[in-house]
Amino acid sequence: MKKSILPLLALFATSCAMAQSNAILSGGVVIGLKQSSAKADGTPSKTGIDNLDAAGNHYTIRTTEDLGGGLKANVLLNYRFNPDTGSTGNGHDYFANTKLGLSGAFGEVSMGRFWGPVDFLLRPALDVYTPLGLGATVYGGPLDAPTRYNGTLMYETPEIQGFKAGISYVPKAEMTSNKVNTTEVALRYRSGPLALGVGFTKNAGTAPSSKDNAEGKDVLTVGGAYDFGVARFGLTYTNVDAFGTTPESERWSTAVRVPITSAARLKLGYEDQKFKGGTSTQAVVFGGEYTLSKRTMVFAEIGQVDSDLAKSDEKEASYLMGIKHSF
């Protein structure tokens, strides 16, 4: 952890105590051995101790203050780091998600930098494969719209009869081009073992930040998951209506998770993405997890990517094995 963040955390904790709000500190560390296959573009293979899950390596502060009358103030500060090097997520102080919101019977209104409704609502409901995934996007979840932007305004409805919806807006002033606004909507339904979701991103950006977006890059995500008891299965379809010379694409992602014992699980994921014009990418990943305690598990995975794109094509299978601890 960088020294520059220590005074901020101390000040934050003191402020929470003075305000009599409820502050919760949580986090996680995921690290292990990873072998990355050589690629057709000349990238050599690499084997070593690595940061296996960027989202899993974090510490997060959440606070809630009861303002009375059913109204609450909510704060989220999510800080990423690399456990193999001790550095922060991108070489400097890196809060991946920062959010301040007000919630009540009406739902919640939030502002800051955080995942939009496609990821925030759909990913937890449809995500069958993760954590991990060898860096591949196989799990059966919304993947083609990086929906975390700077300067986001989002509204979430309360959950009613299993339905919950969200809408977010990012003004064009937050984008590099300053050309178009980004809007996103999502609807999720959950009832018992069934989960369904649909989301749409208008003028999607090129990265989960204030990176440039482009008018006409629209992303539709539709998916579902069902827990049969002996296995949980998920299927997601994504369509990218691209802009300019960028080809349109369709992606099918599917995954199944099978409990073997109360502590052991096996999982299999497959993905097929096709671009207009014929280029395609397929990926398959097989993995296993074993829970050592409520907060600690060990895991292993092996996977293969076969692509017409030199940057994605792996000459042989890649694998990883490691340990994950949450607190």
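**Before you start**

The model is predicted, so local features need pLDDT of at least 70 and side-chain atom pairs count only at pLDDT 80 or more, while totals for chains, interfaces and linings use all residues. Residues are numbered from 1 along each chain as its sequence is written, and side-chain values use heavy atoms, with hydrogens and water left out.

**The whole chain**

Show the chain as a cartoon. Its secondary structure comes to two helices and 17 strands. Helices (H or I, at least four residues) and strands (E, at least two) are DSSP runs, numbered from the N terminus.

Of the 327 residues, 43% count as buried. Buried means under 20% relative accessible area, exposed over 50%, and partly exposed in between (1.4 Å probe, protein chains only).

Contacts come next. A contact means heavy atoms within 4.5 Å. Among contacts between residues at least 6 apart in sequence, 53% join residues at least 24 apart.

Select residues 163-170 and 182-191. These are strand 8 and strand 9, which pair in the antiparallel sense over eight bridges. Two strands pair if DSSP finds at least two bridges between them. Find tyrosine 169: its bridge partner in strand 9 is threonine 183.

Zoom in on the hairpin of strand 9 and strand 10. Two residues lie between the strands, and glycine 192 takes a positive phi near 60 degrees.

Next, bring in strand 11, residues 218-227. Strand 10 and strand 11 run antiparallel, with eight bridges. Glycine 199 has its bridge partner, threonine 221, in strand 11.

Finish with residues 232-241, strand 12, which pairs with strand 11 in the antiparallel sense over ten bridges. Valine 219 stands opposite valine 240 in strand 12. The hairpin of strand 11 and strand 12 has four residues between the strands, and glycine 229 there takes a positive phi near 90 degrees.

Most residues other than glycine have a negative phi. Two stops go the other way.

Select glutamine 161, in the loop between strand 7 (148-156) and strand 8. Its phi is near 55 degrees. Glutamine 161 is exposed, with a relative accessible area of 71%.

Move to asparagine 203, in the loop between strand 10 and strand 11. Phi of asparagine 203 is near 60 degrees. Asparagine 203 is buried, at 7% relative accessible area.

**Helix 2**

Select residues 117-126. Seven of the ten residues of this helix are buried, so helix 2 is largely enclosed by the rest of the structure. Color the buried ones: Pro117, Val118, Asp119, Leu121, Leu122, Ala125 and Leu126.

Now show phenylalanine 120 with lysine 99. Lysine 99 lies over the face of the ring, 4.6 Å from its centre. A charge sits over a ring if NZ of Lys or CZ of Arg is within 6 Å of the ring centre and within 35 degrees of the ring normal. Then show tryptophan 115: arginine 148 lies over its face, at 4.4 Å from the ring centre.

**Aromatic rings**

The structure holds six aromatic pairs. Rings of Phe, Tyr and Trp (its six-membered ring) pair if their centres lie within 6.5 Å; planes under 30 degrees apart count as stacked, over 60 as edge-to-face and the rest as tilted.

Select tyrosine 59 and tyrosine 79. Their ring centres are 5.0 Å apart and their planes at 25 degrees, so the pair is stacked. The pair links distant parts of the chain: tyrosine 59 is in strand 3 (residues 58-68) and tyrosine 79 in strand 4 (residues 71-80), 20 residues apart. Tyrosine 59 is buried at 11% relative accessibility. Tyrosine 79 is buried too, at 1%.

Jump to tyrosine 226 and phenylalanine 228. This aromatic pair is tilted, 4.7 Å centre to centre with 55 degrees between the planes. Tyrosine 226 is partly exposed at 33%, and phenylalanine 228 is exposed at 56%.

Return to tyrosine 59 for the cluster: Tyr59, Tyr79, Phe81 and Phe95 form one aromatic cluster.

**Last stop**

Select threonine 281, in strand 15 (residues 280-291). Threonine 281 is buried, with a relative accessible area of 11%. Beyond its neighbours within four places in sequence, threonine 281 is in contact with Glu271, Asp272, Gln273, Val305, Asp306, Ser307 and Leu309.
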